[in-house]
Structures are given as structure tokens and as C-alpha cells.
Amino acid sequence: VKEETSARRKVRNLLVLLSRLFAIAMLVFAFAQPFIPQDTEVQKGDKSVSVFIDNSFSMNALSEDVPLIEKAKQRAREVVNAYSVEDRFQILTNDFEGRHQRMVSQEDALALIDEIEVSPSVKEISKVVTRQKQILATAKADNKETYVISDFQKNVTDLEANDDTTVLVHLVPLQSVQQQNVSIDSCWFEAPVQMINQTNRLIVKITNHSDEANEDVPLTLKLDNQVKPIGNISVKANETSYDTVNITILRTGWHEAELSISDFPINFDDAYFFSFNVAPEIKVLSINDGKADKFINAVYGGNPYFKLDNQNSTNVTYSTFSTYKLIILNNLKSISSGLTQELSQYVKDGGNLIVFPNAGANLTAYQSFLTPFNTNQFVTFEAKERAVSEINTNDFVFKDVYENARKDIKLPTTQGNFKQKRTSNTGEEALLKYRDGSSFFSKYKREKGSIYLCAAPLDAKYSTLVQNAEIFVPMLYKIAISTNKSAKIAYTIGRDNLLEADNTVSNTATLEFIKIEPPFSTH
């Protein structure tokens with residue numbers, strides 16, 4: 001028994017020893033990183049080499065000791081120095097500069113690498129490789145290789161299978177260390193229009209892109225070259241915080257501003273530039289059949305920011321329509337074809353038009369007037385009392401007007417109104433409704449502008465709208481400043497952007513062309 005036990009023990013120890021030796025052999029084998037050589041010959045002769053150095057903003061991130069852009073330039077020098085002086089090189093960056101579109105000597109390539117700086121331009125990796133192959137296609141050397149040195153951000157890494165075996169592509173990835181990064185995401189004014197001598201609240205959105213909270217980030221505002229410290233803001237990990245900046249505007253015209261934070265080491269997203277225009281006034285035109293309406297005069301006359309002009313329907317100056325933000329047709333019995341044509345073009349160009357009909361209106365003339373606008377049509381005038389029961393606070397006109405939307409808010413009543421014939425595809429948006437669901441005051445968007453149609457006259461004899469100041473006053477104010485233009489608040493640098501500008505050219509005007517420097521492009 002003793003001999004059999006000893007024999008089994010020896011066999012077991014031997015198996016354990018063999019297992020340990022096998023494990024050690026596998027570790028050595030793994031660290032040796034073996035590979036199966038391809039059955040190809042070593043390429044001989046002159047070589048053409050293209051080296052891409054990613055110089056986008058993300059390369060500002062730190063590696064273990066230096067920024068990634070410096071690490072990338074170091075790798076590029078090592079690649080160039082690994083070849084002979086007879087070989088030719090192309091140095092390429094995200095800027096796709098003209099001087100980078102040709103083959104140069106080894107000495108010139110090293111000089112171009114030293115001149116590389118971080119740029120806002122960004123190119124997809126597929127476009128980079130395509131550009132490299134295009135340049136190498138013009139080279140005389142038979143041996144062609146490309147190097148792509150980048151941190152390979154997800155939004156630009158779009159490489160697919162490379163079927164072109166004539167050019168060898170080397171990918172050289174760089175990795176940054178974990179670090180904090182806080183950026184200014186965007187900002188916007190709380191009020192839709194900025195007015196002189198009034199305090200405007202600017203909302204600032206700040207985002208923390210790291211896994212650690214960032215405390216006491218200093219926020220600064222530079223407005224018209226005057227720096228104003230705002231204070232400090234704290235942002236939790238991977239979250240967004242908002243801050244409010246009060247700005248008092250003391251003059252009209254364009255204002256340039258810059259919001260900035262202090263955040264190390266990634267600081268390319270620490271400044272947010274914006275501009276805004278403060279108009280000296282908003283012009284409103286009221287076209288009346290008789291004398292001017294005292295209630296409209298009272299609304300706009302109490303605010304110096306608005307300038308109200310009154311014209312008689314028999315003596316309208318069409319040429320001045322483009323200077324007004326809002327035109328009101330008040331109590332007109334009939335509307336001429338000429339006025340219809342001018343107002344139709346006015347709305348298409350971005351103007352706002354309000355129609356308050358006359359109780360004794362010429363229905364045929366009104367139907368001809370409303371047809372080009374594709375709105376509901378007036379049918380008959382009904383002299384009966386009706387009450388408005390619903391207000392649309394989702395539309396811009398009444399949105400954010402009331403801090404507390406009370407159920408007992410006093411809404412207008414009418415003693416007479418026009419019955420309307422509804423048609424399909426008008427795009428009607430009812431702002432005030434009667435109890436039966438029919439429209440009292442409606443909005444129709446037409447190209448760049450809007451037309452607002454009231455079912456009842458403005459005359460206090462037929463409507464209490466003018467007596468409901470909490471409805472009438474904000475309604476006229478916000479219609480005067482409203483617009484259908486959905487302009488973008490920001491553009492991404494390095495991408496093609498279409499920027500539109502309103503220009504009026506006369507016979508004596510001088511055309512001035514604005515040059516937009518790269519990375520912006522125009523169409």
C-alpha cells in the first residue's frame with residue numbers, strides 16, 4: 001500500500017509540474033507577441049510616405065506628460081526619420097492646407113511637422129485616408145505607405161475595410177489620461193427682444209463632461225470690451241448646471257459679448273462668443289377707415305420702444321410697409337385689390353398683419369382679400385353675445401405672459417362677430433376660442449410672416465377685448481416682436497454653414513462683399 005501511494009503521489013506531482021511549466025511557457029509566448037509572417041518579399045526602392053497628424057481641439061488633452069498634439073508630432077518625426085533621405089513625404093493635417101498637398105523631402109517634412117498647431121477644423125478619418133491616397137497616386141515611387149496619428153474620436157472614426165492593397169495604411173492611436181473638462185454649452189436671453197435701458201436676463205448652460213464634480217468654476221462676462229466677473233458655479237459629474245447673468249443695455253445697435261470659464265487643461269471650449277442687436281424702435285402701422293383707435297394708441301404710446309403711425313385707408317403709403325414690424329387693419333369696411341397685393345407681399349417677406357374687421361364690412365371685398373392668405377372666410381355677421389373661454393398659452397403670443405395661469409382669468413366677450421367658413425389646410429392656430437370651439441382670434445403662418453384674424457370688430461360696442469388689458473396689451477406687444485424666422489443660435493466651426501442676410505439694394509447702392517476667413521465657408 002505504501003509503495004502504491006508513493007507512486008501515485010509521484011505521478012500527481014509530475015502532472016502539477018507539467019501544468020506549471022505549460023502555464024509559464026504560455027505567459028512567455030504571450031509576452032513575446034508572435035506573429036505569422038506573410039509570404040511576401042521586403043519592398044525595396046524609393047518610398048512615398050504620407051503622414052497625417054490630427055490637430056483638432058481634442059488633441060489638447062494631456063497624455064502622461066505632454067499634450068497629445070505634441071505626442072503626435074513626436075511620433076510623426078519618428079516615422080519620417082525611420083526612412084531614408086531619398087524618400088518623399090507628405091505631411092497632412094485637418095486643415096488640408098495647400099502646402100500640405102505635395103510631396104517634400106525629409107528635411108522639409110520635419111520642418112512642416114514643427115509648424116503644426118491645434119486647429120478648429122475636423123475631418124473624418126475616411127476623408128483623410130482618401131486625400132492621402134490621392135496625393136500618393138501622383139507620386140513616382142512604387143512603394144507607398146500612409147500613417148494616421150490621432151486619438152480617433154468616435155465622431156470622426158469612420159474607417160471601413162480597405163480594399164486598396166497598393167497603399168499600406170498604419171493607424172497610430174494616442175490615448176489621453178483621465179481628466180476633468182467643463183464647457184459652456186450655450187446661452188440665450190430670457191426675453192425675446194432686448195430693449196434699451198432695461199435689464200435682460202441671460203441664461204448660461206454649463207456642462208461637466210468628466211466623472212468628477214467640479215466646484216467653484218469662475219464665470220466671466222465680457223460685454224463690449226468691458227469685463228464683468230459673474231461668480232463661481234459648481235457642476236456635478238456628467239451633469240449640466242444653469243446660471244443667470246443680468247445685463248443692462250445702455251445703447252442701441254450691435255453688441256459683442258463673450259462668456260468664459262477657467263478650466264484646465266482642456267480650454268478650447270471655455271469661451272462662448274455671441275452677439276445681439278438692440279433696435280432703436282419697433283415701428284407699427286395702423287390703417288384706419290376713420291380716426292385712429294384710442295386703445296391701440298394707448299398700448300403703443302405708453303412704451304417709448306414702440307413707434308405707432310396711423311394712416312387713413314384712402315391714403316396709404318405702400319412704399320413704407322417694409323419698415324414696419326406690424327400692420328393693423330382696423331375697422332376697414334372694404335379692402336382694395338392694390339392693398340391686398342401689397343399686404344400679401346409684406347407678410348411673405350416676414351411682416352405681421354392683424355385684421356380687425358368692420359361690423360358692416362363688404363364681405364365680397366374681405367373674401368377677395370383673405371383668399372391669397374388661405375384663411376377662414378367671413379360669411380355673415382351675427383349680432384349675439386358670446387364669451388371667449390379658452391386662451392392658447394402654448395403659442396409665442398401668450399407663452400410666458402402669465403406667471404400663474406389662473407382659471408378665473410377674465411376673458412373677452414363679444415356682442416357681435418363674424419361667422420367663419422372653415423377650409424382645409426389653412427394651418428390655423430386658434431389663440432382665443434369661444435365656448436363652442438369656434439375661433440375668436442386666430443394665427444396663420446405664411447412663409448416668413450403671419451396674419452392674425454379676429455372674428456369681431458375692435459370697437460368696444462361689439463367686443464370687450466380692449467377692456468381686458470391683461471389680454472389685449474401683451475397680445476399686441478408680442479405680435480409686434482414675433483417672427484417666423486427660425487435662426488440658429490450657433491454654428492459648428494469647420495463645417496459648411498449657410499448664413500442669410502437681409503439686404504436692400506437700390507440704384508445708387510454700393511455693394512460690399514464680406515470675406516469670411518476659414519474655417520468658415522460660404523455658398
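**View 1. Ser 150 and its bridge partner in strand 4.** In this predicted model, Ser 150 has Pro 173 of strand 4 as its bridge partner. The pairing between strand 3, residues 143-150, and strand 4 is parallel and runs over seven bridges.

View 2. The strands are arranged in the order 2-1-3-4, with parallel pairing. Strand 2 (88-92) and strand 4 (167-173) are at the edges and have a single partner strand each, so one side of each lacks a neighbour in the sheet. On average, and with direction ignored, neighbouring strands of the sheet are turned by 15° against each other.

**View 3. Helix 4 on the sheet.** Helix 4, formed by residues 125-136, lies across strand 1 (47-53), strand 2, strand 3 and strand 4. Relative to strand 3, helix 4 runs at about 150°.

**View 4. Packing of helix 2 and helix 3.** Two packed helices are described by the angle between their axes and the distance between the axes. For helix 2 (residues 68-81) and helix 3 (residues 106-114), the axes come within 10 Å and cross at roughly 180°. Angles over 145 degrees count as roughly antiparallel, and helix 2 and helix 3 are therefore roughly antiparallel to each other.

**View 5. Residues at the contact of helix 2 with helix 3.** Helix 2 contributes Lys 73, Ala 76, Arg 77, Val 80 and Asn 81, which meet Gln 106, Ala 109, Leu 110, Ile 113 and Asp 114 of helix 3. Sorted by class, this contact has five nonpolar, two polar and three charged residues.

Notes:
Residues are numbered from 1 along each chain as its sequence is written. This is a predicted model: local features need pLDDT of at least 70, side-chain atom pairs count only at pLDDT 80 or more; totals for chains, interfaces and linings use all residues. Side-chain values use heavy atoms; hydrogens and water are left out. Two strands pair if DSSP finds at least two bridges between them. Helices (H or I, at least four residues) and strands (E, at least two) are DSSP runs, numbered from the N terminus. Axes are lines fitted to C-alpha atoms, for helices over the stretch in contact, and angles run from 0 to 180 degrees between N-to-C directions. Contact means heavy atoms within 4.5 Å. Angles under 35 degrees count as roughly parallel, over 145 as roughly antiparallel, 65 to 115 as roughly perpendicular and the rest as oblique. Ala, Val, Leu, Ile, Met, Phe, Trp, Tyr, Cys and Pro count as nonpolar, Asp, Glu, Lys and Arg as charged, and the others, Gly among them, as polar.
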